[in-house]
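Here are a few notes from going through the rings and one of the helices. Have the structure open while you read.

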Amino acid sequence: ETPAQLDIMIETAGTKRIALQEVGYPSSAKGSSEEQQAKFFKVIIPAIQERPQIKFASIFALHDMDRKTCDNMASYYGFSGLFGLTQQAKDFEGFLCSLGLRHADGSPKPAWDNVIHAFAQLK
């Protein structure tokens, strides 16, 4: 679906150039996996390159956040206190804290190899 979503952005932007800030895909959120994250990056990087109206794109995170940073970020977004115990808060934290291409300990996820390969193919 991602290339189609890029096309919608381009159509909406008209003649304006596009910058994609914080491109990412979670690996351990509800309805996701490390394999889905890897597939996303295998598709998104070539799709961006094929659309010259997209002038800039940055990947959100090289590594997943450590537990303390993850808790601080969830709190920043209002998912703390009693609300932090809800399923919605846990799902959001799982999303936010699994956006890295590598685990918090530095070990690579499958998406890491796909990103390295996609960048090697860039013109």
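Predicted model: local features only at pLDDT ≥ 70, side-chain atom pairs only at ≥ 80, totals over all residues.

1. A word on terms: buried means under 20% relative accessible area, exposed over 50%, and partly exposed in between (1.4 Å probe, protein chains only).

2. Residues are numbered from 1 along each chain as its sequence is written, and side-chain values use heavy atoms, with hydrogens and water left out.

3. Searching the whole structure turns up 5 aromatic pairs. Rings of Phe, Tyr and Trp (its six-membered ring) pair if their centres lie within 6.5 Å; planes under 30 degrees apart are stacked, over 60 edge-to-face, and the rest tilted. Phenylalanine 40 and phenylalanine 41 make an edge-to-face pair, 5.1 Å centre to centre with 85° between the planes.

4. Tyrosine 77 and phenylalanine 92 are also edge-to-face, since their centres are 5.5 Å apart and their planes at 70°. Tyrosine 77 is in the loop between helix H3 (67-76) and helix H4 (87-96), and phenylalanine 92 is in helix H4, so the pair ties together parts 15 residues apart in sequence. Helices (H or I, at least four residues) and strands (E, at least two) are DSSP runs, numbered from the N terminus. Tyrosine 77 is partly exposed at 44% relative accessibility, and phenylalanine 92 is partly exposed at 22%.

5. Ring pairs join Tyr76, Tyr77, Phe92 and Phe95 into a cluster.
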